[in-house]
Amino acid sequence: MTDVPVLAVEGLSKTFTLHLQGARRLSVLDGVSFVLHRGECLALVGPSGAGKSTLMRALYGNYLAGAGRILVRDGDEVVDLAAATPQRVLDLRRRTIGYVSQFLRVIPRVPTLAIVAEPARRAGLSDGEAIARARSLLARLNLPERLWDLPPATFSGGEQQRVNLARGFAVPYPLLLLDEPTASLDPPNRRVVIGLIEEAKARGAAIIGIFHDAEVREAVATRTLSVLPLAAEAA
Ligand SMILES: Nc1ncnc2c1ncn2[C@@H]1O[C@H](COP(=O)(O)OP(=O)(O)OP(=O)(O)O)[C@@H](O)[C@H]1O
């Protein structure tokens, strides 16, 4: 299976129906196709509102595809995420597909360390290993240790983004989706994230990212995919 792509997207389309506006339909993605192999980092580029985040959300199964296939390699199997059951999608998210969204959304009152350790625990690590991994990532991302036992709801934007990044990099996912992972970070922490992405590529992860920061994009991307706005409203 080594030559089987980690991800093959075939003819992916997505149309939103705006129920509060007379069921108007807005076509955002139309026939998107690409293939991604181990160790590649694909940067999605295109103007604001073109559909980059929509594509990411469809690849994580948050948005249901209108048409097309999203073929994800899962061990010896290839699963079409666009047609998978919700249970199978959750299963893929446990070990196969990681997603670092731009904003942290977590259960209130849970301390930072537990939030970061949780994906590693779900992926099968022991409690001790998951906590050790969480501690090491939080330290690497320069989150002050005095914050680790606090819930992150009141953290600054950059602190919350680093909690999110630590969660995403705590599991060696074969496929990792990064939605503007350095948007709120200062230059030293941007460099830490570039290092984490390079290490993930070196271990064979396939990565798709939206990097508005050109310096970060040029440092990590092996190629780009243009997502362009569609001209017309869907019929
Ligand atoms: N849940 C939704 N319901 C209706 N329309 C949506 C929804 N999500 C996104 N859209 C619309 O789809 C289009 C693409 O949005 P998207 O967030 O994917 O763009 P983007 O390329 O990521 O933009 P940016 O670079 O500004 O983040 C926009 O016109 C947006 O209004």
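This is a predicted model: local features need pLDDT of at least 70, side-chain atom pairs count only at pLDDT 80 or more; totals for chains, interfaces and linings use all residues.
Two strands pair if DSSP finds at least two bridges between them. By that rule strand 3 and strand 8 belong together, because three bridges join them, and they run parallel.

- Strand 7 (residues 175-179) and strand 8 (residues 206-210) are parallel partners over five bridges, with Leu177 standing opposite Ile208 in strand 8.

**Helices lying across the parallel sheet**

- Four strands, in the order 2-1-4-5, form an open sheet with antiparallel pairing.
- Here the edge strands are strand 2 and strand 5 (77-80), and each pairs on one side only.
- On average, neighbouring strands of this sheet are turned by 25° against each other, direction ignored.
- Nine bridges hold the antiparallel pairing of strand 1 with strand 2, and Thr15 stands opposite Ser27 in strand 2.
- Strand 1 also pairs with strand 4 (residues 67-74), in the antiparallel sense and over five bridges.
- In that pairing, Val9 has Ile70 of strand 4 as its bridge partner.
- Helix 1 lies across strand 1, strand 2 and strand 4, at about 65° to strand 2.

**The ligand shell**

- The residues surrounding the ligand are Phe16, Leu18, Leu26, Val28, Gly46, Ser48, Gly49, Ala50, Gly51, Lys52, Ser53 and Thr54.
- Strand 1 (7-18), strand 2 (24-36) and helix 1 (52-59) each supply at least two residues of this shell.
- Helix 1 gives the largest share, three residues.
- Sorted by class, the shell has five nonpolar, six polar and one charged residues.

**The largest nonpolar core**

- In soluble globular proteins, nonpolar side chains tend to be buried together.
- The largest nonpolar core in this model has 62 residues.
- Within this core, Val116, Ala134, Ala166, Leu177 and Ile207 touch the most other members.
- Helix 3 (residues 112-122) provides the largest share of this core, five residues.
- Setting aside neighbours within four places in sequence, Ala166 is in contact with Val116, Ala134, Leu137, Leu138 and Leu141.
- Leu177 links two topics here: it is one of the core residues that touch the most other members, and it stands opposite Ile208 in strand 8.

**Positive phi, in and out of the interior**

- The hairpin of strand 1 and strand 2 has five residues between the strands, and Gly22 there takes a positive phi near 60°.
- Ala23 is found in the loop between strand 1 and strand 2, and has a positive phi of about 60° although it is not a glycine.
- Is Ala23 buried or exposed? Ala23 counts as exposed because it has 8 C-beta neighbours inside 10 Å, and the cut-off for exposed is 12 or fewer.
- Glu180 is found in the loop between strand 7 and helix 6, and its phi, near 50°, is also positive in a residue other than glycine.
- Glu180 counts as buried because it has 20 C-beta neighbours inside 10 Å, and the cut-off for buried is 20 or more.

Note on methods
Residues are numbered from 1 along each chain as its sequence is written. A residue is near a molecule or strand if its C-beta atom, placed from the backbone, lies within 6 Å of it. Ala, Val, Leu, Ile, Met, Phe, Trp, Tyr, Cys and Pro count as nonpolar, Asp, Glu, Lys and Arg as charged, and the others, Gly among them, as polar. Axes are lines fitted to C-alpha atoms, for helices over the stretch in contact, and angles run from 0 to 180 degrees between N-to-C directions. Two residues are in contact if their C-beta atoms, placed from the backbone, lie within 7 Å. A nonpolar core is a set of buried Ala, Val, Leu, Ile, Met, Phe, Trp, Tyr and Cys residues joined through C-beta atoms within 7 Å.
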